[in-house]
Amino acid sequence: MTDLVFDAVSVRYGGRRGLTAVDRVGLTVSSGQVVGLVGESGSGKSTLARAAVGLSPVSAGRVLLGGVDVRKLRRRPPLQMVFQDPYSSLDPRMSIGESITEAIPRGVFSGRAARREEVARLLELVNLDPGRAGHLPGRLSGGQRQRVALARALAGRPEVLIADEITSALDVSVQGAVLNLVRDVQRRLGLSMLFISHNLAVIRYLSDIVAVMYLGRIVEVGPAEQVLTDPQHPYTRDLLAAAPSAHTSLFDTRADGATADAEPADPHHPPAGCRYHTRCPVGPLVRADREICLQVDPTEDAAHRRHSAACHFSEDESRRLTIPGGASTP
Amino acid sequence: MVATETVNRRGAKWFAALRTPVGGFAASLLLVVIALAVLAPILWHDKAFEIDTEAIAQRPSAAHWLGTDALGHDILFRVLVATRLSVLLAVLATVIGVVTGLVLGTLPSLLPRPAARLVTSAVNIAVAFPGLLLVLFCSVIFGVGTYGAVLAVGFALAPAFARLAQTLSASVAGQDFVSAARISGVGRIRLLVRHILPNVGEPLVVNATIGAGASLLAFSGLSFLGIGVQAPDYDWGRLLGEGLDGIYVNPAAALAPGVAVVLAGLAFNLVGETVAGVIGVRAGVRKLAPRPASPARESSGRADDVVLVVENLQVAFPSQAGLTVPVRGVSFTVRAGEAIGVVGESGSGKSLTGLAVSRLVEAPAAVTADRLEFAGKPLLTTPERDLRGLLGTSLAMVFQDPMTSFNPTRRIGRQLAEVAEQHQGLPRAKAFERAVDRLRTVRIPAAERRARQYPHEFSGGMRQRAMIGMGLMGDPKLIIADEPTTALDVTVQRQLLRLLARTRTERDTAIILISHDIAVVSQTCERMLVMYAGRVVEDLPSAGTPRHPYTKALLAATLDLGTDRDAPLAVIPGRPPEPDRVPTGCAFADRCPAVTDRCRLEDPVLECVEPGHRVACWHPSETSFSPSAKKTVTAGGAE
């Protein structure tokens with residue numbers, strides 16, 4: 001059916017001194033699959049998603065939907081997106097019914113009654129009372145707004161859905177309900193989904209495939225269970241270790257003195273060689289003999305490594321760490 | 001039913017605005033102007049054109065209250081009759097200006113980029129010219145006369161409106177709902193008409209009203225100069241011009257049209273202001289009658305190491321239905337070197353509690369407490385002047401948004417140094433030295449160089465660390481961190497939490513960590529207060545077993561890396577009560593699996609169930625968790 005393929009996509013803002021937010025990223029969202037994209041803010045994960053729907057400019061590479069470049073597709077490609085902020089993603093002046101109706105492709109339903117019925121069906125699909133179609137978003141809670149946003153995205157009859165941090169603005173108690181709903185809808189409609197979050201636990205819960213992004217590049221990608229239990233890239237290991245959990249101590253035993261307070265690199269001037277070397281706990285900061293990290297970009301031959309890890313020493317390191325890195329499932 | 005309620009509320013807002021002195025005056029003035037514009041020509045047209053040959057260019061008399069002009073016309077009637085033309089032309093010019101401005105302002109979002117740039121630059125250039133110059137320029141182009149002048153004033157208004165419309169629509173166009181509409185294939189014009197214009201309408205209407213006042217003035221100016229309305233028509237500007245010729249004979253002839261212009265202009269401007277007040281954020285603030293704060297009990301039996309005592313803290317806001325009380329009787333103590341987490345969902349009152357403790361809650365909110373003492377000083381009764389030094393050096397706050405917590409125009413080091421200069425009286429150089437030292441303490445790399453940088457050169461995590469560094473400039477006994485890591489990534493979050501923990505052990509500083517993330521809190525603090533609907537519902541050791549159903553539900557709903565991937569996630573049905581509609585019984589009753597009749601009638605108080613563990617629940621778990629009660633779980637709302 002429909003695969004969403006990022007083929008060496010770059011997104012560049014500004015002129016010569018500009019910023020490459022996404023740098024030659026390749027990623028495939030296969031039909032019916034959920035790909036979780038995780039990374040810190042500024043890593044380019046949202047930019048990548050926005051590139052797929054034409055909201056950020058693709059300066060090199062292509063985004064293919066079912067084998068066709070999305071820029072050449074007709075006006076309404078079967079690709080929809082749900083945004084992070086439930087308070088700005090709905091027009092405050094339009095009733096939620098109108099917002100959803102607007103997203104229904106023209107010509108699919110003729111007549112007002114048919115469209116109203118479709119809106120009711122969509123609202124029911126996201127567990128909202130269809131009687132609320134006339135309400136303005138101002139009277140809905142954050143979680144309810146995200147449901148409406150999801151219903152609006154589904155109104156476009158998408159085959160691929162992009163969810164950009166859709167629960168990060170929600171309270172814990174609401175987050176669960178929205179995630180349950182997203183998973184339920186995804187399975188029922190057989191949607192392909194690119195699910196973006198900075199929260200590994202959320203990514204882990206929903207995704208079949210996990211991709212880890214750092215400074216505009218994907219540094220590791222693989223089946224969710226494998227990536228999380230047997231991470232190959234040191235950044236993935238660090239993310240796992242840093243995930244807050246009542247079961248782990250703030251100060252873990254592993255010595256990471258040299259890199260504990262390292263700053264994220266400046267995206268305007270990405271480091272040469274491996275982009276992670278300024279923070280890497282197994283890189284040249286800690287082990288002086290690993291000069292290769294300073295000079296050679298590990299993404300060049302990442303495809304040969306396990307999980308396509310962009311790390312020169314991924315195999316050495318994962319062999320060394322007999323315990324699966326980071327927080328293993330208790 | 002609810003829809004009419006909204007309408008009523010809005011109506012009430014307008015009514016309230018009318019009852020303010022400015023609003024009432026503006027409305028009645030505008031009414032008079034409109035009434036005159038409609039009625040005066042009908043009633044007095046003949047009188048205004050009547051030529052009294054016996055009284056030419058006379059002073060005010062009983063027959064002609066404001067005198068007569070050179071042809072013997074009665075000036076009073078002429079001023080009254082001129083209202084229609086003056087106001088009409090001003091409104092017409094404003095309409096032309098607003099419409100042209102809207103078109104110019106919204107074109108850039110419709111046109112392809114190069115053309116859009118061209119329009120934007122043209123507008124920018126036009127904005128740079130003084131308005132009057134543009135009017136004169138346009139009236140030369142369009143020719144002398146009424147129509148020329150209307151067009152001139154209209155087009156002179158346009159650039160300002162274009163700029164306004166452009167700025168407003170740019171900010172709306174950046175919102176997600178516009179992106180969402182674009183993705184679903186909504187065309188540019190529909191986007192503009194359905195999504196952008198309705199959301200920029202209000203400020204534009206306000207400015208148009210004020211603009212009408214301006215164009216009235218401009219138009220009168222043109223007529224006064226003789227390039228506006230031509231004889232035999234007349235408006236206030238022309239009357240003013242004619243009256244001025246004989247000002248030494250009859251000052252009233254010039255003053256009357258002048259006063260008319262001022263009054264009508266005032267009417268437009270004040271109405272604009274009133275409208276802005278109603279639809280904008282400048283809503284009237286109702287004063288809250290301060291409740292008598294019960295005098296702080298003498299700090300008897302106080303242990304030496306207690307840093308903060310809070311007893312029955314309440315924060316109340318005035319609202320339409322009387323009082324909203326988002327914090328309803330919170331009590332806790334913090335000892336030196338202790339780390340306490342405050343957990344709760346948005347709206348639980350956790351942030352307000354932190355703000356109230358640091359005396360940052362401003363009027364119209366009222367803070368009351370039976371006892372609120374920091375370092376032995378009662379915070380509510382000590383005058384603010386005496387507190388400033390104490391709070392400045394002993395209490396540090398770290399806020400959620402690292403982007404707004406520093407002044408963007410000043411170097412980080414100087415902002416830190418200021419604390420030492422203010423509170424410890426250190427000289428400039430010494431204070432800066434200390435700032436660099438504290439930045440080093442909070443592990444800012446290359447502190448010497450970084451201290452000379454501006455906040456925008458710092459990353460979010462570094463800014464939060466610098467904020468803690470600022471707190472360390474004094475000798476803080478307590479750091480209140482309000483969601484300090486919510487905007488940060490997990491790796492940076494860990495850095496910051498470690499820094500807080502380290503500061504605590506090194507300096508014996510107490511910490512209150514406010515967070516929505518129960519995992520973060522239990523990692524960092526040994527004790528946590530769980531807040532719900534403005535109350536502490538459980539106060540327990542982080543390592544302890546929660547006994548309040550809400551704490552348990554919150555814990556169950558928290559995702560971590562061990563969550564079962566195949567089971568649906570636990571959720572808490574329903575939603576918290578609105579702060580102005582808290583039920584009489586337990587606020588959690590509607591969402592609670594163990595609810596009984598008693599819960600709906602009586603509000604449980606926070607009681608000790610075991611040493612160091614307080615719970616506010618009639619049925620704390622391990623005692624009466626009957627499975628039959630669980631059925632009620634699903635009875636919540638959509639959430």
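Predicted model: local features only at pLDDT ≥ 70, side-chain atom pairs only at ≥ 80, totals over all residues.
Why is helix H11 (residues 350-357) of chain B largely enclosed by the rest of the structure? Eight of its eight residues are buried, so the rest of the structure largely encloses H11(B).

**View 1. Helix H11 of chain B and what follows.** Here "buried" means 20 or more other C-beta atoms, placed from the backbone, within 10 Å of a residue's own. The buried set runs through B:Lys350, B:Ser351, B:Leu352, B:Thr353, B:Gly354, B:Leu355, B:Ala356 and B:Val357. After H11(B) comes B:Arg359, with a positive phi near 60°. Helices are DSSP runs (H or I, at least four residues), numbered from the N terminus.

**View 2. Chain B where it touches chain A.** On this side, 52 residues of chain B are in contact with 58 of chain A (C-beta atoms, placed from the backbone, within 7 Å). Helices H7 (176-183), H8 (188-225), H17 (490-507), H18 (518-524) and H19 (549-557) of chain B each give two or more residues. H17(B) has the largest share, with eight residues.

View 3. Residues are numbered from 1 along each chain as its sequence is written, while chains are lettered from A and ligands numbered from 1 in the order written. Chain B has a mean pLDDT (the predictor's confidence in each residue, from 0 to 100) of 83, with 91% of its residues at 70 or more.

Terms used. Contact = placed C-beta atoms within 7 Å. Buried ≥ 20, exposed ≤ 12 C-beta atoms within 10 Å, placed from the backbone.
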